[in-house]
Each structure stands twice: as C-alpha cells, then as structure tokens.
Amino acid sequence: MPLTQLTSIVTPLDRANVDTDVIMPKQYLKSISRFGYGDWAFEPWRYASAGDIDTPKAERTPLAECVFNQPRFANSEILLSRENFGCGSSREHAVWGIRDMGYRVIIAPSFGDIFYNNCLNNGLLPIRLCTEHVEQLFLRSQGNTVLSVSVDVSSCQLSVEGMPAMTFELAPSQQQRLLIGQDSIAQTLDEADAIRAFETQHKQRFPWCFGLGAQ
Amino acid sequence: MLSQTPQTLYDKLWQRHLVSAGSDGQDLIYIDRHIVHEVTSAQAFEGLRHANRRPWRSDSVLATPDHQVPTDNRSAGISGIIDPIARIQVTTLDDNCREFGITQFDINDKRQGIVHVVSPEQGATLPGMTLVCGDSHTSTHGAFATLAQGIGTSEVEHVLATQCLRQRKSKRMRIWVEGELATGVTAKDLILHIIAQVGSAGATGFAVEYAGPAIRALSMEGRMTLCNMSIEMGARCGMVAFDDTTADYLQGRPFAPTGELWQQAIDDWYSLQSDSDAVFDEEYRLDARSVAPQISWGTKPDQVIAINDVVPLAEHGNSAVQRQEWQRALAYMGLQGGESINNLSIDQVFIGSCTNGRIEDIRDVARMVEGHQVAPSVQRAMVVPGSGLVKAQAEAEGLDKIIRAAGFEWRDPGCSMCNAMNPDRLPSQARCASTSNRNFEGRQGDGGRTHLVSPAMAAAAAIAGFFVDIRDWPRLC
C-alpha cells in the first residue's frame, strides 16, 4: 500500500532499546501467515499475562497504563520511541505486528539495522530523528496532551504545530517504493541480465562458491 | 585503479559481489549461500508461489529446522513436536524444500541442528562468500572471512527470487585485541566485554572486523562465538580474516572443495585480509589480559560486568533514559544496584545455542564438571548440543557420560531455551546461568531471568549452585 502523506496523533512509547522479542514474543513466530499479528504485538506490556496464538481476545486482560490500551491513541498511525528501536532478532513478525496495529510511521533516534529494512519492505516508514527533536516530541505528548504530526514522504518532511519543519533522510529508491508501493523483487528482476552476467564471471573466478555438489 | 586503494576485508568481500552500484547508494550484491530454517521462511516461499516465481538458484540454499524442534523424544520424528501449529511450520519447511529442490537436513537427519552450527561444520560456509539467513545470528559465519548477514523474511524471499540483496554499504569498524586471554577466560567473555564497551547500538551501521594477536589465537569455534554476538552491539556482520586455522578447520568438510579446486581456493582465500594500510571508520583497541570472566546483570547484552565487579546503581546511569532503563532492568532481574553477582544463587542452567553449542564448548563443560554433582538447589541443568554431529562427536569422546553423571540433562540438538520456542522454557522469576546470546525480558521464558556467561562459568555455577569466579575454581579449562 503506497504511503504519500499522513497526519496522525502520535503514540509515545517512552522506552529505549525496544527489542523485537518484546514487540513480537516467541510463541507467535510459529504462524506461517504474514497477517494477523496486531493483537500480539507488545504483549508483555499490553496484557496482564502471556497468551498464545489461539488465545481469544476476550480472555486477555489489557493493562490500563500501557499506551497501546489508552483510547486516545486508538487511531494513531505514528509510533514514537527512543534509540535503538527494533534491536535484536531479525523476526519480520515484529514489523507485521506494528503494521497490523495500524501504524504506518515509526519515529526514533535510531533503529536496529535489520528492523529498519524490514519496515521499508512492508510499507512502514522508519524515521530517524535527532535525539533533541525526539525529546521535544515526547515533551509535547506528556500528560493528557495529544500530539498531532504530519509526515510527507515526497518532501521527506515532518511537521508539528509550533515547531520548524523537520527533514528526515530516506534513500530515493526506498522513497520511490513507498510512494508507489512497488515490489522490490520486481525492481531487482529488471536487472536480471546484469545478475546473470555477473553470475557467469563469478562462477569462473570462484567455482567453489557454487552448489552443494560434494554431498 | 580501484584495486590499488587500500581495502579492508569487508571492502574486498563487497567488491567481489557487487552486481551494480545504485545511484543513491543502495547497491545490488550477489549472494552465494542462503541458509534457511522453519521460522522465517514459510512466508517467503508462499510469496514466491503467489507471484509465480521460482528460486533463482536452489543449489545455493541449505535448510534445517532448529527453532521449533524438541530436544527430546526425537525418535518420534515430526510427531514429537507437541504443538500442532509449530509442527505445521516444520512440515511446511519440508514441503517447500521438496517443491523447490532444496537440500534439507530434516528433523530425522543426523546432521540436523542449529543453522549456524550446521553450515560451518558441513563446509557449506566458505571464505570469501556472501551468506544470508533469516536470523540475526548469521553474523556467526563471519569467522570464516565471509560476509554473513541476518535478514528479514521479505529479504529471504528477495534472495530466493533474485540471488541478490539490495543494501547500502556499511561503515567499517575494527576491534583490535592485543595480548592473550587469561586461563579460564574464553571468546564468550571477550565478546561480552567488547559489547559492554561498545554498547548495544554502538556498532549499528558498521561491519566489524575482529583482529589482533588474541583473535588469531582463537580456534574457529571461538571465532564463531565472537562473530555470533556482533548483532548484540548492532552490527549486521562481524568477521575475522582467513588464516591457517580457517584452512585446517575446513579441509575435508563435506561441502568444501577438494583436490585441485581446494588448492585454487586456498590460494584465493589467503587474500581475504585487510590491507595493512586500510582505513577503518572507527577503531577500538583492547588488551585481552585485562578481560575477566564476564556476566550480564540486566536485560540488554551490554549490561555486563566482570564477575568480581558489582551491579551498577541505577542513579549512576549517564542519562535520564539510561537511569530509567537500569532501574527497570534491576527490578526485572530481582537485583539491587551495588550488589555482587558472585555468590548469587541460580535455579537453572542452560548450555547450548548458536553461540556456545559446539564441541569445544561441550569439552569445556565436561572438564569443569567431571566428578562433581549439580547442586541440589539447581532445579534443572541441561546441555543441548548445537547439532546432531556435535552430539555424536561428544558421545564418541565420552563427554555425555561425564555430563550425565554430574546430573545434567543431555538433550537433542536445537535452539532450545536460547529463544524458548520449543517446550524448553524458563519459568517466571527463575534465575538462569545461560550460554546463549540474549538476556532480553522474557527471551528464555516469560519473566525468566537470564545471566549470559561462558560454558565454563555456567558449568561451575551448576555445580556450586551460585555464580563463582572460575579463576578460583580447581578445574580451569
């Protein structure tokens, strides 16, 4: 699904080093689907006890203090967090969970490398913003205030009322993919001839890199 | 004239595999080896089918199930997986490998095991290769002068379909280790110490090369332990240059080249070094002699201290964010700031994982526990070999008998309690001496308290019933 621009209230998740084990606990990784992870994301912080893949939603006890359970953030599409968000395990299920909760944008000072790519491969925009700006966004979403942020993918700008516009970095090819919702495999297969040509000379130079022939 | 510019090992590996340079820095690199397990592949194969695509090169792929497999009752095969949903995931891997002509060591194969143990021991991981797997600990294979990276499931599908990965080249970091590790101090202690220095995000965006006399002195098993945990400081890959140790390990492995091809390969592999005048974007230097046995106290892999140090006080954190984080970690771990971990009682011991489930690790454990008994206060102590072949080797050496006689469970190969996807789980609030790689909240079981240590430290803790400084232990490895 393309992402061009978005205005949404922000869910402030005030934690650093949020790892993908917490975002999507182990018991949900046995699903072989790409969808349906929304109710499981952040389980240890959202619910009173751990469930499993077949636990009915009605049997879950949501923790009122968790931001994800607060009605004022119910329609939020932008998640705000601290440094090193999405560190740890490569599990893409973490991104599927955040996406299935309805988020399209995550703002943090830094991200785990694998997680960052996983986001972009699922139409979710990870925005790296300097620590000072992130701090200001947290300050503006404290207490009962609800902060609204606008994101424009084509100009790579983020705007908040009362603050100067902020620019974020995004590789042009990744920006393009977000804007048109393009399949990255199709994009690479446009270069199939170049891949084949490379492969031929690579095999001549390093024949031992090919096959599992000795079995 | 590009080749005359001094290059790091990472630069050389990158250049060898560059198919095309992207105008915005997003390059296309060719992937030689793709390792696949059950948890991160089903959706990728489904994606291929959905788009009517086939794998670009099935013979580049090696598969084995490891996360969901039980570590007992393995004679029952697939029906030994109690959870029906987990069973479907493993049979889905079987079906996908059959459909696409992929070599798999299935649950019944004696070569089955943890992907990062199996591929090197088969010689499927070779120097100079690019290697990927849908698992963050793929950095392990960098021990072979390989560019090895963990990827997500969409990228697994991308590599299956195109044999390529599109990515930005990382910055280069070198970690240079002088001197020699003291007796009783292992590669695990060294990497835990390094992570504590660099920080859990300190190497994000970097490719790390470990170098220096202390690294050269490590065995391949030790180098794999080191590279394995690169991701715990944010680096997607860690690597060690090729040398005689690498060659000796690989010669005669089932998928390694033989005869004339072996000679040709060896000649090439010796070039897999950073040039002496190569420039790194960042460099750390440390002395191995200053490294004591290490132990994690918190819930992040950089929350680590020497065994003879005390747990930090939350108020000593360097920022409000860190102070809050330390406070949460101490509460979760049931610890007080200022407390010593030496002598802290434990409930369980887990020895295994892609970090420390190799034969050398099991030899260390056997040496430590021979003639001793697991303390009665320890509810459970288990040793889980990293692969069927590691298990067989240990049994051929009689190590299983020593380990069982000491009161440990001797299990079947798999990821087991490192990530607790199979039934091996840590109960809430149970304190565990673990040789695995992550101490995240709930990683080994909801509410479980993980302390990351070396195999020798875990073995000694099992016998004592509490953490000890193994430099004071009578049987040092």
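This is a predicted model: local features need pLDDT of at least 70, side-chain atom pairs count only at pLDDT 80 or more; totals for chains, interfaces and linings use all residues.
Two strands count as paired when DSSP finds at least two bridges between them.

Strands S1, S2 and S8 of chain B make an open sheet in the order S1-S2-S8, and the pairing is antiparallel. At its edges stand S1 (18-20) and S8 (164-168) of chain B; each has a single partner strand, so one side of each is left without a neighbour in the sheet. On average, neighbouring strands here are turned by 45° against each other, direction ignored. To see one of the pairings up close, look at S1(B) and strand S2 (residues 26-30) of chain B, which run antiparallel and are joined by two bridges. Here you will find Leu18(B) opposite Ile29(B) in S2(B).

A second open sheet of chain B has four strands, ordered S11-S10-S9-S12, and its pairing is parallel. Its edge strands are S11 (237-239) and S12 (282-287) of chain B, each of which pairs on one side only. From one strand to the next, the twist averages 20°. Strand S10 (residues 206-211) of chain B runs parallel to S11(B), with three bridges joining them, and Ala207(B) stands opposite Cys237(B) in S11(B). Now look for helix H1 (residues 9-17) of chain B: this helix lies across S9 (171-178), S10 and S11 of chain B, and runs at about 115° to S11(B).

Ser200(B) sits in the loop between helix H6 (187-198) and S10 of chain B. Is Ser200(B) buried or exposed? Its relative accessible area is 10%, and because anything under 20% counts as buried, Ser200(B) is buried. Beyond its neighbours within four places in sequence, Ser200(B) touches residues from chain A, namely Asn17(A) and Asn84(A), as well as Glu232(B), Met233(B), Gly234(B) and Asp302(B).

Next comes strand S18 (residues 431-434) of chain B. In a regular strand, side chains alternate between the two faces of the sheet. In S18(B), Arg431(B) and Ala433(B) point one way, while Cys432(B) and Ser434(B) point the other way, and all are buried. Which strands does S18(B) pair with? One is strand S15 (residues 348-351) of chain B, paired with S18(B) in the parallel sense over three bridges; here Gln348(B) stands opposite Cys432(B). Another is strand S19 (residues 449-452) of chain B, which runs parallel to S18(B) and is joined to it by four bridges. In that pairing, Ser434(B) is opposite Leu452(B).

Let us finish with some helices. Helix H8 (residues 220-228) of chain B has nine of its nine residues buried, so this helix is largely enclosed by the rest of the structure. Among the buried residues are Glu221(B) and Arg223(B), along with Met220(B), Met224(B) and Leu226(B).

Helices H13 (residues 359-369) and H14 (residues 388-396) of chain B pack at an angle of about 40°, and their axes are 10 Å apart. Where they meet, Ile359(B), Ile362(B) and Arg363(B) of H13(B) face Val390(B), Gln393(B) and Ala394(B) of H14(B). Four of these contact residues are nonpolar, one is polar and one is charged.

Note on methods:
Residues are numbered from 1 along each chain as its sequence is written. Chains are lettered from A and ligands numbered from 1 in the order in which they are written. Side-chain values use heavy atoms; hydrogens and water are left out. Axes are lines fitted to C-alpha atoms, for helices over the stretch in contact, and angles run from 0 to 180 degrees between N-to-C directions. Contact means heavy atoms within 4.5 Å. Ala, Val, Leu, Ile, Met, Phe, Trp, Tyr, Cys and Pro count as nonpolar, Asp, Glu, Lys and Arg as charged, and the others, Gly among them, as polar. Buried means under 20% relative accessible area, exposed over 50%, partly exposed in between (1.4 Å probe, protein chains only).
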